[in-house]
Amino acid sequence: MGETDDRVRIFPVETRFQQLARRPGGIPRDKALEQAQSKIDEAKPAFDDWLNQQLEALVGAVKRAQTASADAEWVKTADRYCRQLRDVGSTMDFELLTFIAGSLSEMLEAIIAGAECDMESIQCHIDALLLARQKSYRGVKPEQVPELISGLRRVVEQVSTLPP
Amino acid sequence: MVSPTINLRDTVILIADSSSYLSMLVHSILRGFGATKILEVRDSISVLQVLNNQKFDVLLFDTRLPPYGGLKLTHAIRRKVDNENRMMPILLMSSDTRETAIRRARDAGANMVIAKPISPASLYDRLSWVALTPRQFIDAPTYFGPDRRFKIEGYPNGVGRRKGDKMVEVAQESGPALAQGDIDNLFSAARMGKD
């Protein structure tokens with residue numbers, strides 16, 4: 001083994017997962033992916049409702065930021081909704097939505113880390129999200145809307161710069 | 001080339017993510033793969049509770065699982081000597097795919113990192129890799145988990161030396177996000193003895 005440190009132990013492991021997964025009778029990759037896609041498709045009708053709820057909650061969190069009683073927690077709340085949108089968008093064929101939510105999340109996390117909060121840039125992202133949630137944007141990739149994407153990128157680059 | 005085939009029937013899988021929707025999607029995908037025993041929890045405290053009462057075959061965590069985060073949770077599971085789940089495969093789901101984030105996941109003891117948003121293909125392939133690729137375990141004073149020998153730099157061909165190896169300093173978060181293929185390369189380097 002070539003080990004010189006007797007405090008280090010290296011040993012082979014065969015987990016129960018490996019034993020079970022190697023059993024005959026498994027589902028071949030192509031068939032498994034096909035079945036998984038069917039399961040995702042079954043979830044799609046409910047996705048629109050979920051998406052609308054998430055966006056409403058995100059818009060609500062941002063609106064609260066503009067009230068006199070706003071506290072710093074709104075950024076974290078908005079970021080949480082954003083990340084949830086980003087994390088499932090592409091799986092549900094809303095790749096553009098994932099991109100925009102990711103961009104907004106990047107900006108919100110920079111604000112949490114101390115960057116200046118620019119509400120106009122946040123609103124710009126929310127407008128883009130409201131556009132991207134429309135069914136006509138299902139299946140649209142970010143590279144198919146280059147002007148929108150480059151605009152958002154510029155906004156994020158300007159806003160996400162942390163103070164020295 | 002023959003595609004890998006894995007049998008997930010009766011494997012007990014734990015999904016831990018604060019997003020119920022994402023969790024439901026992963027659950028659905030696993031059902032499509034033939035998994036029949038899947039449990040979902042929403043936070044790392046619940047993970048520790050269920051691990052005390054039940055044995056799992058695969059653990060799937062979000063790296064930002066509240067309140068401790070998936071990395072600390074992975075580390076805690078790996079380090080707990082009397083935990084019968086400590087050698088279970090742990091796959092971390094992460095939307096932060098910068099190289100430093102992936103290295104941290106490796107160093108916590110994760111078997112794999114799966115980039116979010118998750119696709120059925122990426123999940124199936126990573127499960128196949130964990131199932132079909134034997135990987136040694138390391139039990140050392142500062143690490144318990146799958147062999148991550150690639151972390152150690154400075155000896156030829158990645159063979160042998162451990163005592164006195166210099167740890168690689170992890171820089172501040174920077175750099176672009178990695179694609180799933182690049183993430184895999186960081187892990188596959190383990191088997192190649194280089195990084």
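In the predicted model described here, A:Cys82 touches A:Leu58, A:Ala101, A:Leu104, A:Ser105 and A:Leu108 when residues up to four places away in sequence are not counted. The residue is found in helix α3 of chain A, which spans residues 73–89. A:Cys82 is classed as buried because 27 other C-beta atoms lie within 10 Å, where 20 or more are required for that class. The C-alpha atom of A:Cys82 is separated by 19 Å from that of A:Ser150, a residue that lies 68 residues apart from A:Cys82 along the chain.

Helix packing in chain A was examined for α4(A) and α6(A). Two packed helices are described by the angle between their axes and the distance between the axes. Helix α4(A) and helix α6 of chain A, the latter formed by residues 146–159, pack at an angle of about 10 degrees, and their axes are 9 Å apart. The two helices are therefore roughly parallel, since angles under 35 degrees are counted in that way. On the side of α4(A), the contact is made by A:Phe99, A:Ile100, A:Ser103, A:Glu106, A:Met107 and A:Ala110, while α6(A) contributes A:Ile149, A:Leu152, A:Val156 and A:Val159. By residue class, this contact of α4(A) with α6(A) divides into eight nonpolar residues, one polar and one charged.

The largest nonpolar core contains 82 residues, and those with the most contacts inside it are A:Ile100, B:Leu14, B:Phe33, B:Leu60 and B:Phe61. Helix α4 of chain A, residues 95–112, gives the most to this core, with nine residues. For B:Leu14, leaving aside its neighbours within four places in sequence, the contacts are B:Leu39, B:Val41, B:Val47, B:Val50, B:Phe56, B:Leu59 and B:Leu60.

The secondary structure of chain B comes to six helices and eight strands, and from the N terminus on these elements follow the order β-β-α-β-α-β-α-β-α-β-α-β-β-α. Chain B has 195 residues, of which 43% count as buried. Among the contacts in chain B with a separation of 6 or more, 64% are accounted for by residues 24 or more positions apart.

Five strands of chain B form an open sheet with the order β3-β2-β4-β5-β6 and parallel pairing. Strands β3 (37–41) and β6 of chain B stand at the edges, and because each has a single partner strand, one side of each is left without a neighbour in the sheet. From one strand to the next, the twist averages 20 degrees. Strand β2 of chain B, residues 12–16, is joined to β3(B) by five bridges, the two strands running parallel; within this pairing, B:Leu14 has B:Leu39 of β3(B) as its bridge partner. Helix α5(B) lies across β5 and β6 of chain B and runs at about 175 degrees to β6(B).

A further open sheet, of three strands, has the order β1(A)-β7(B)-β8(B) with antiparallel pairing. Its edge strands, β1 (9–11) of chain A and β8 (143–146) of chain B, each pair on one side only, and neighbouring strands of this sheet are turned by 10 degrees against each other on average, direction ignored. Strand β7 of chain B, residues 137–140, pairs with β8(B) in the antiparallel sense over four bridges, and B:Ala140 stands opposite B:Tyr143 in β8(B). The antiparallel pairing of β1(A) with β7(B) extends over three bridges, and B:Ile138 in β7(B) is the bridge partner of A:Ile10.

The contact between the chains takes 45 residues from chain B and 44 residues from chain A. On the side of chain B that touches chain A, the elements that give two or more residues are β1 (5–6), α1 (20–32), α5 (120–132) and β7 of chain B, and α1(B) gives the most, with eight residues. The residues on this side of chain B divide into 25 nonpolar, twelve polar and eight charged.

Technical notes
Residues numbered from 1 in each chain as written. Chains lettered and ligands numbered in written order. Predicted model: local features only at pLDDT ≥ 70, side-chain atom pairs only at ≥ 80, totals over all residues. Core = buried A, V, L, I, M, F, W, Y, C linked by C-beta atoms within 7 Å. Buried ≥ 20, exposed ≤ 12 C-beta atoms within 10 Å, placed from the backbone. Contact = placed C-beta atoms within 7 Å. Pairing = 2+ DSSP bridges. Axes fitted to C-alpha atoms, helices over the stretch in contact; angles between N-to-C directions. Nonpolar A, V, L, I, M, F, W, Y, C, P; charged D, E, K, R; others polar. Parallel < 35°, antiparallel > 145°, perpendicular 65-115°, else oblique.
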